[in-house]
Amino acid sequence: MWNAVAKNLIRTKVHQDYSHTLLLVQKGRSIFTKPPSSRNCWQHTAGAVQPFNMSTSIQKVEALDVNNFVRIHWEDGSKSLYPAVWLRDNCQCPDCFLRSAKARKLLLEDLDVNIGVKEVTLTDRQKVYITWPDKHTSEFEAEWLKKRCFSEQARAEMQEELFLPECKYWGSDLQLPNMSFEEVLQSDESACKWLSTLKKVGIVLLTGAATRQGELVKLGKRIGFLRLTFYGPTWQVEDKMDANNVAYTSGKLSFHTDYPVLQHPPGIQFLHCIKQAATGGESEVVDGFHVSNKLKEQNPQAFQILSSTLVDFTDVGIDYCDFAMQSKQRIIDVDYRGQVVRINYNNATRDTIFDISAEKVQPFYAALKEFVDLLNSPEHKFTYKMKPGQ
Ligand SMILES: [Zn+2]
């Protein structure tokens, strides 16, 4: 997991000037190395879990005529099945795969989806050679194959490494993760920890930034780039005359997510406290996933309404550019398993136009009110006051 975060979120995001000053990672080598013995192996059949390492060896390989499968017998006694069409599709030869882009060249138009192998052989217990009916040949490394084993366990482990699905839900008892801003900028290990914590908890407090504008840009460049919106590359939240956003007033803001009006709302938002108000100025945060699950327990019907009704959002104004935005979002977004994956809610930009039938309107309001009451309940919300430089 550590390796995956390091590779995918840090090493690949080094460009231009920052590559010299901030990240000292040699090309082709991750600095986050883990002893091979601590990595998981990909087992197909039951058997003792053995360390996955470079010497993953194959005992025997065979083509099964039935349904066009190739079966690999590993030295540890486990077996893996690979469909012939998948092997042909993923041929790693220069005609089929562009190594410099790590991308498939083979066109689906040219793939025979009913293909079977003509011949399969094994070399040094490390390489599988396949000859196809049209004489094309493919070569696969044992380690590459093992990582892509189709067993349920192997797939689950690979998905975990790729997507870091672990979540930590929290309420008013949140132990706000706290890290040094400078350390995140200077140390790859700290940057990796920051990102993986952010993925898991959803919020991290960084301390010790300078109390001037520009610090957020540094943080964004550390891992990639900031996304431009119609409020410009960054913006100042302060009390403004004729405010074009309710955030630019001294009034209380209720719980919201930013930009539900965008087709792709932001994933992560950075806030930097440059100057704190003498009175007030507290920040309140709440774990929307945790509260959604509470709503589901307390009132499944309300959860069903909020996770299925498309709500219209609108935002029109002038800022970095003129904008007139319109979107439809579910307030609680769930994935194919019914797991909550995103909250889209900003009461200020919820449109007066509401594209549902009249009799569904009041039940929607009742459901939303119940959700908002849960968000505001003292056991769920966490309150703190940012200090300058945080
Ligand atoms: Zn090929």
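The chain contains 11 helices and 16 strands. The model is predicted, with a mean pLDDT of 87 over the chain and 85% of the residues at 70 or more. Where pLDDT is low, the predicted coordinates should not be read in detail. Of the 390 residues of the chain, 21% count as buried. Among contacts between residues at least 6 apart in sequence, 63% join residues at least 24 apart.

The packing of helix H9 (residues 288-298) against helix H11 (residues 358-376) was examined in detail. The axes of the two helices come within 10 Å and cross at roughly 125°. This angle makes H9 oblique to H11, because it falls in neither the perpendicular range of 65 to 115 degrees nor the antiparallel range over 145. The crossing of H9 with H11 is right-handed. On the H9 side the contact is formed by Val 291, Lys 294 and Leu 295, and on the H11 side by Glu 370, Phe 371, Leu 374 and Leu 375. By residue class, the contact comprises 5 nonpolar and 2 charged residues, with no polar residue. An α-helix has 3.6 residues a turn, so residues three or four places apart point the same way.

The buried residues of H9 are Gly 288, His 290, Val 291, Ser 292, Lys 294 and Leu 295. The elements that cover these buried residues include H11, together with strand S11, helix H10 (300-306), strand S14 (332-334) and strand S15 (340-343).

Individual positions elsewhere in the chain differ in their surroundings. Val 184 lies in helix H6 (residues 181-186). Val 184 is buried, because 25 other C-beta atoms lie within 10 Å, against a cut-off of 20 or more. Leaving aside residues up to four places away in sequence, Val 184 touches Met 179, Ser 190, Ala 191, Trp 194, Leu 206 and Arg 222. The C-alpha atoms of Val 184 and Trp 194, which are 10 residues apart along the chain, are separated by 7.1 Å.

Trp 144, in helix H4 (residues 142-147), is partly exposed, with 14 other C-beta atoms within 10 Å. A separation of 9.7 Å is found between the C-alpha atoms of Trp 144 and Lys 127, 17 residues apart along the chain.

Gly 281 is located in the loop between helix H8 (215-223) and strand S11 (283-286). Gly 281 counts as exposed because it has 12 other C-beta atoms within 10 Å, and the exposed class takes in 12 or fewer. Residues up to four places away in sequence not being counted, Gly 281 touches Gln 276 and Lys 385.

Most residues other than glycine have a negative phi. Phi of Lys 102 is positive, near 50°, and phi of Lys 135 is likewise positive, near 80°. Lys 102 lies in the loop between strand S4 (97-98) and strand S5 (103-104), whereas Lys 135 lies in the loop between strand S7 (127-131) and strand S8 (137-141). Lys 102 counts as exposed, with 7 C-beta neighbours inside 10 Å. Lys 135 is also exposed, with 7 C-beta neighbours inside 10 Å.

Conventions: Residues are numbered from 1 along each chain as its sequence is written. This is a predicted model: local features need pLDDT of at least 70, side-chain atom pairs count only at pLDDT 80 or more; totals for chains, interfaces and linings use all residues. Axes are lines fitted to C-alpha atoms, for helices over the stretch in contact, and angles run from 0 to 180 degrees between N-to-C directions. Helices (H or I, at least four residues) and strands (E, at least two) are DSSP runs, numbered from the N terminus. Angles under 35 degrees count as roughly parallel, over 145 as roughly antiparallel, 65 to 115 as roughly perpendicular and the rest as oblique. A crossing is left-handed if the near helix is turned anticlockwise from the far one by less than a right angle, and right-handed if clockwise. Two residues are in contact if their C-beta atoms, placed from the backbone, lie within 7 Å. Ala, Val, Leu, Ile, Met, Phe, Trp, Tyr, Cys and Pro count as nonpolar, Asp, Glu, Lys and Arg as charged, and the others, Gly among them, as polar. pLDDT is the predictor's confidence in each residue, from 0 to 100.
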